[in-house]
Amino acid sequence: MALFPLQALFDGDLVVLLVPVDDADPMTVVADKVAHHVVDRRVAAQDRPLRVRHDGRTLPDDATVVSAGVKPLDVVVVGYAS
């Protein structure tokens, strides 16, 4: 387990975040960490699950940071599922 930063965007927000994650965190945890800084602050909360995208693909909820191939300072985009 190693802690490292990710660059993160949230759909509908203009701010790029630097979010610390653990390499063993599943995508649900990564999404929650990003949403913590945005939802109900600059983006309205919605009753839909959050999804994480990296390199143009939506990552499975149970994928860990390492198994998804996300590396330190990579950019992920978090948003509500369609």
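What percentage of the 82 residues of the protein chain count as buried? The share is 39%. The model is predicted.

**Figure 1. Overall fold of the protein chain, with 1 helix and 5 strands.** From the N terminus on, the elements run β-β-α-β-β-β. The radius of gyration is 12 Å, close to the 12 Å that the globule rule gives for 82 residues, so the chain is as compact as a globular protein of that length. The C-alpha trace spans about 30 × 20 × 20 Å along its principal axes. Among contacts with a separation of 6 or more, 60% come from residues 24 or more positions apart.

**Figure 2. Strand 5 and its pairing with strand 1 and strand 3.** Strand 1 and strand 5 pair in the parallel sense, over 4 bridges. Here Phe10 stands opposite Val78 of strand 5. Strand 3 and strand 5 also form 4 bridges, in the antiparallel sense. Leu50 has Tyr80 in strand 5 as its bridge partner.

**Figure 3. The aromatic pair of Phe10 and Tyr80.** A pair of aromatic rings is described by the distance of the centres and the angle of the planes. The model holds 1 aromatic pair. Phe10 and Tyr80 form this pair, with 5.7 Å centre to centre and 80 degrees between the planes. The geometry is edge-to-face, because planes over 60 degrees apart fall in that class. Phe10 lies in strand 1 (residues 3-10) and Tyr80 in strand 5 (residues 75-80), so the pair ties together parts that are 70 residues apart in sequence. Both Phe10 and Tyr80 are buried.

**Figure 4. Asp23, a buried acidic side chain with no salt bridge.** Asp23 sits in the loop between strand 2 and helix 1. Which side chain of opposite charge is nearest to Asp23? That side chain is Lys33, 9.8 Å away. Leaving aside neighbours within four places in sequence, Asp23 is in contact with Met1, Ala2, Phe4, Thr64, Val65 and Val66.

**Figure 5. Asp25, in the loop between strand 2 (17-22) and helix 1.** Is Asp25 buried or exposed? Its relative accessibility is 12%, so Asp25 counts as buried. Residues up to four places away in sequence are again set aside for its contacts. Asp25 then touches Val30, Lys33, Ala63, Thr64 and Val65. Thr64 and Val65 are also among the contacts of Asp23.

**Figure 6. Asp40 and its positive phi.** Most residues other than glycine have a negative phi. Asp40 has a phi near 70 degrees, a positive value. Asp40 is found in the loop between helix 1 (27-36) and strand 3 (50-54). At 63% relative accessibility, Asp40 counts as exposed.

**Figure 7. Asp55 and its positive phi.** What is the phi of Asp55? The value is near 55 degrees, in a residue other than glycine. Asp55 belongs to the loop between strand 3 and strand 4 (57-58). Its relative accessibility is 69%, so Asp55 counts as exposed.

Note on methods. Residues are numbered from 1 along each chain as its sequence is written. Side-chain values use heavy atoms; hydrogens and water are left out. Rings of Phe, Tyr and Trp (its six-membered ring) pair if their centres lie within 6.5 Å; planes under 30 degrees apart count as stacked, over 60 as edge-to-face and the rest as tilted. Helices (H or I, at least four residues) and strands (E, at least two) are DSSP runs, numbered from the N terminus. Buried means under 20% relative accessible area, exposed over 50%, partly exposed in between (1.4 Å probe, protein chains only). Two strands pair if DSSP finds at least two bridges between them. Contact means heavy atoms within 4.5 Å. A salt bridge is a side-chain nitrogen of Lys or Arg within 4 Å of a carboxyl oxygen of Asp or Glu. The radius of gyration is taken over C-alpha atoms; the globule rule is 2.2 Å times the number of residues to the power 0.38.
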